[in-house]
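Q: I have a protein model on my screen. How do I start reading its features?

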Amino acid sequence: PAPSPGPTTTPTPAPTAVPTPAPTSKGPGVNGDPIIIGLSGQVFKFLGRSGAWYSAISTKSFQWNMKVQFFEGCPEDSDSFTTGFALTLFDPMTGRQRHQIEINVVNEHHTQIGCGKLNWLVGRKTYGGCLGGGSLEIVIDGHKITESVDYELADFSGRVIAFNTIHQCSRRWFDFDETPIQDIGHGGSIGGAALSTKRIRGRSLASSRGVLDILSGIKESVVDKEACTRWMEERREKDDLFAQNGFWSTIIVKTEEVAFHIEYKQEVDRCSAHNLDVWMSEVNPSVLREGPWKGVFGETKDLNHVSAGEPVHADRKD
């Protein structure tokens with residue numbers, strides 16, 4: 001079997017069902033206090049141990065791990081969130097690790113840490129934009145990144161785009177439709193816009209305009225499309241997407257095997273907490289055919305049925 005990414009995973013606990021509509025979500029993922037939206041439309045609450053990493057999906061080509069953290073002082077039943085994302089890519093023939101991408105909260109016990117002196121010069125442009133107000137970091141193959149970035153993997157097999165955004169441009173939760181996930185985009189798309197295959201080696205901040213063209217496809221799923229469109233157009237005109245500061249961040253991870261849309265935000269009103277919402281937006285068809293898929297999400301790839309023949313949507317225990 002393929003080796004696990006950096007963090008050690010913990011055996012999956014039995015999740016608790018929540019009363020949620022049965023229609024299928026446009027994008028499988030994990031939202032809020034973690035609510036799992038399965039690959040076949042299942043929706044259930046995930047009860048994990050604080051500080052533990054869990055295997056979300058494990059295949060021959062990639063492994064996605066997620067970290068769950070409890071936050072003291074938050075309202076009951078809304079006090080545990082996802083605070084870590086780890087994606088490891090493998091050669092499916094040899095099992096050799098090819099790349100690892102991690103997204104982590106820097107200090108889970110504090111919010112509004114601040115950016116410090118992170119502004120740096122690229123050409124004639126000075127870029128700030130530390131991610132999540134200094135609370136978020138990305139580690140790509142051992143290289144730590146704490147500021148907004150457009151990063152291409154060394155072998156051109158993937159790309160990571162990260163920047164601070166506004167609430168209106170964040171993705172909606174539970175954007176259900178009535179199309180079964182198996183029927184959405186036989187080319188491998190799972191409710192997410194296909195991203196550009198533009199090739200830029202390493203970190204690049206030469207211009208945010210090309211990135212905004214890529215991101216325009218996500219506007220259909222945001223909280224406020226009109227406000228988000230105005231904000232994106234202003235960023236395009238001023239060419240300052242990567243210079244934005246704030247406590248809400250968007251990260252797009254695009255690889256040949258799988259793509260993710262990730263939103264980071266801080267809870268500062270009701271309590272002090274961090275949260276990563278993760279949607280799996282695209283999967284290579286050849287990876288979809290790999291078997292078996294394991295992990296919390298991997299188990300939802302094939303829809304289970306009760307004895308009466310009805311599909312199970314709300315509880316993995318069934």
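A: Start with strand pairing. Two strands pair if DSSP finds at least two bridges between them. Keep in mind that this model is predicted. Here strands S4 (residues 52-58) and S5 (residues 62-70) pair in the antiparallel sense, over 6 bridges.

Q: How many residues lie between S4 and S5 in the hairpin?

A: The hairpin has 3 residues between S4 and S5. Look at Ser58 too: Ser58 stands opposite Gln63 in S5.

Q: Is S4 mostly covered or mostly open?

A: Mostly covered. Of the 7 residues in S4, 6 are buried.

Q: Why does Gly142 count as exposed?

A: Exposed means over 50% relative accessible area. Gly142 has 68% relative accessibility, so Gly142 counts as exposed. Find Gly142 in the loop between strand S10 (136-140) and strand S11 (143-145).

Q: How many aromatic pairs does a search of the whole structure find?

A: The search finds 7. One is tilted: the ring centres of Phe71 and Phe81 are 6.0 Å apart, with the planes at 45°. Phe71 lies in the loop between S5 and strand S6 (80-90), and Phe81 lies in S6. Both Phe71 and Phe81 are buried.

Q: What kind of pair do Phe85 and Phe260 form?

A: Planes over 60 degrees apart count as edge-to-face. Phe85 and Phe260 have 75° between their planes, so their pair is edge-to-face. Their centres are 5.0 Å apart. Phe85 is in S6 and Phe260 in strand S16 (residues 258-267), 175 residues apart. Both are buried.

Q: Which residues form one aromatic cluster?

A: Trp64, Phe85, Phe260 and Phe297 do.

Key:
Residues are numbered from 1 along each chain as its sequence is written. This is a predicted model: local features need pLDDT of at least 70, side-chain atom pairs count only at pLDDT 80 or more; totals for chains, interfaces and linings use all residues. Side-chain values use heavy atoms; hydrogens and water are left out. Helices (H or I, at least four residues) and strands (E, at least two) are DSSP runs, numbered from the N terminus. Buried means under 20% relative accessible area, exposed over 50%, partly exposed in between (1.4 Å probe, protein chains only). Rings of Phe, Tyr and Trp (its six-membered ring) pair if their centres lie within 6.5 Å; planes under 30 degrees apart count as stacked, over 60 as edge-to-face and the rest as tilted.
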